[in-house]
Amino acid sequence: MGYGDIMRVETSGASNKTAGADRLTGGVQASREMANHDLACMRTYKTIIGNVARRRNVDPALIAAIISRATRGGAAISGTNGWGDNGNGFGLMQVDKNWHQPRGAWNSETHLDQATEILVDMISVVRGKFPGWSPEQHLKGAIAAYNMGERVLEYADVDHLTTGNDYSSDVVARAQFYKQNGF
């Protein structure tokens, strides 16, 4: 799509901490297994993911991967009216209410569009901060920034401040899985 090729983004996958939630050992294979576990839920949202992906020029596999990481395909929040992260994150992609006014129902196209717009904004921020990075590095940095805000400092340690210290690496590995599985 328009912001780099997700299949060319470097990734080490999930950390042991993140993978441990599914009784797995960290790495790309663990991310793939977690994404596969969420695949049936992802298929439920495939149409609205595709609509938003086309509108925002973002790879649908990336949107699916963020949903998988943030809410396990919605399974982690479906009983909470869409709220997670101690009541701070809303919806499938966990829009932070402390920084944004959440829009739409937790599992709606409106919500996915808002969250993907935030991701696209982070791509612009990272491009501005690091003009010498490749499009794939910008994309990975933006995924980290989607989770932790604009605090990306260097590519070598892009996940230093992200949840689990692996957010962008895990999301990239999940996105690569979804890309290979119809998204």
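**Close-up views of a predicted model**

View 1. About 60 Å³ of space lies in the largest cavity, and the structure holds one cavity of 30 Å³ or more. On a 1 Å grid over the protein atoms alone, a cavity is a set of points where a 1.4 Å probe fits but cannot get out, whereas a pocket is an open set with protein on both sides within 12 Å along at least five of seven lines, and lining residues have an atom within 4 Å of a point. Grid points are joined across faces, edges and corners, and a volume is the space filled by probe spheres set on the points. Eleven residues line the largest cavity, with Tyr 3, Val 58, Asp 59, Leu 62 and Leu 139 nearest its centre. By class, this lining has seven nonpolar, three polar and one charged residues (Ala, Val, Leu, Ile, Met, Phe, Trp, Tyr, Cys and Pro count as nonpolar, Asp, Glu, Lys and Arg as charged, and the others, Gly among them, as polar). The model is predicted, so that local features need pLDDT of at least 70 and side-chain atom pairs count only at pLDDT 80 or more, while totals for chains, interfaces and linings use all residues. Residues are numbered from 1 along each chain as its sequence is written, and side-chain values use heavy atoms, with hydrogens and water left out.

**View 2. The largest pocket.** The largest pocket holds about 990 Å³ of space and is lined by 32 residues, of which Asp 85, Gln 94, Asn 147, Thr 163 and Tyr 167 lie nearest its centre. The lining divides into 14 nonpolar, ten polar and eight charged residues. Helix H7 (135-148) is among the elements that each supply at least two lining residues, and H7 gives the largest share, four residues; helices (H or I, at least four residues) and strands (E, at least two) are DSSP runs, numbered from the N terminus. Gln 94 lies in the loop between strand S2 (89-90) and S3 and has a positive phi of about 50° although it is not a glycine. At 17% relative accessibility, Gln 94 counts as buried, where buried means under 20% relative accessible area, exposed over 50%, and partly exposed in between (1.4 Å probe, protein chains only).

**View 3. The loop at Arg 23.** Arg 23 lies between helix H1 (16-20) and helix H2 (28-37), and is exposed, with a relative accessible area of 80%. Its phi is near 60°, a positive value in a residue other than glycine.

**View 4. The buried face of H2.** The buried residues of H2 are Ala 30, Ser 31, Met 34 and Ala 35. Seen down the axis of H2, these residues fall within an arc of 135°, so they line one face of the helix; the arc is that of the directions from the helix axis to the C-beta atoms. They pack against H1, helix H3 (39-44), H5 and H8, contact meaning heavy atoms within 4.5 Å.

**View 5. The largest nonpolar core.** This core has 52 residues, and those with the most contacts inside it are Ile 49, Leu 62, Ile 143 and Tyr 178; a nonpolar core is a set of buried Ala, Val, Leu, Ile, Met, Phe, Trp, Tyr and Cys residues joined through side-chain atoms within 4.5 Å. H6 gives the most to this core, with eight residues.
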